[in-house]
Amino acid sequence: KEMKEAAPPGTQEGTKPMFCIRLTLLGMADSGKTSLINSWVNNACPTTYVPTEDPELYYRATRIPCPGDEENPMTVLVELEDTYSWSRSGGEDGYGQPYDAAT
């Protein structure tokens, strides 16, 4: 009998595993972070400005070229975190420390 390699958990036999990429958008208030996310995830752009009160997660599955196998693209799940402006917190993080976007 020929032994077959088991498919990784969460995949069907004969399919490639799905990878997840997480992106966090940072920027000043009213810079268009939510509009940018909505235009890519939902193919729509909000027409009214509503400040983001709490961080929110958006998801979209997409296909990208597979390294080493350009003929067969791989599916990745992109998780986008929409954040509120760091200036809204008075320049401090959740621990009361000065916020530095470079770190």
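Q: How do the residues of the lining of the largest pocket divide into nonpolar, polar and charged?
A: This is a predicted model, in which local features need pLDDT of at least 70, side-chain atom pairs count only at pLDDT 80 or more, and totals for chains, interfaces and linings use all residues. Residues are numbered from 1 along each chain as its sequence is written, and side-chain values use heavy atoms, with hydrogens and water left out. A pocket is an open set of points on a 1 Å grid over the protein atoms alone, where a 1.4 Å probe fits, with protein on both sides within 12 Å along at least five of seven lines; lining residues have an atom within 4 Å of a point. With Ala, Val, Leu, Ile, Met, Phe, Trp, Tyr, Cys and Pro as nonpolar, Asp, Glu, Lys and Arg as charged, and the others, Gly among them, as polar, the lining divides into six nonpolar, ten polar and five charged residues.

Q: Which residues lie nearest the centre of the largest pocket?
A: The pocket has a volume of about 340 Å³, taken as the space filled by probe spheres set on the grid points. Its lining has 21 residues, and α1 provides the largest share, four residues. Nearest the centre lie T34, Y49, V50, P51 and T52.

Q: What pattern does the chain follow along the sequence?
A: Helices (H or I, at least four residues) and strands (E, at least two) are DSSP runs, numbered from the N terminus. The chain has one helix and three strands. Read in order, the pattern is β-α-β-β.

Q: Is T83 buried or exposed?
A: T83 is in the segment after β3 (69–82). Buried means under 20% relative accessible area and exposed over 50%, with partly exposed in between (1.4 Å probe, protein chains only). Because its relative accessibility is 11%, T83 counts as buried.

Q: Which residue has its backbone oxygen 2.5 Å from a polar atom of the side chain of T83?
A: Not counting residues up to four places away in sequence, T83 touches T24, L25, L26, K33, T52 and P55, where contact means heavy atoms within 4.5 Å. The backbone oxygen at 2.5 Å from the T83 side chain belongs to L25.

Terms used
A polar contact is a pair of N or O atoms within 3.5 Å; within protein, one must be able to donate a hydrogen and the other to accept it, and residues adjacent in sequence count only if both atoms are side-chain atoms.
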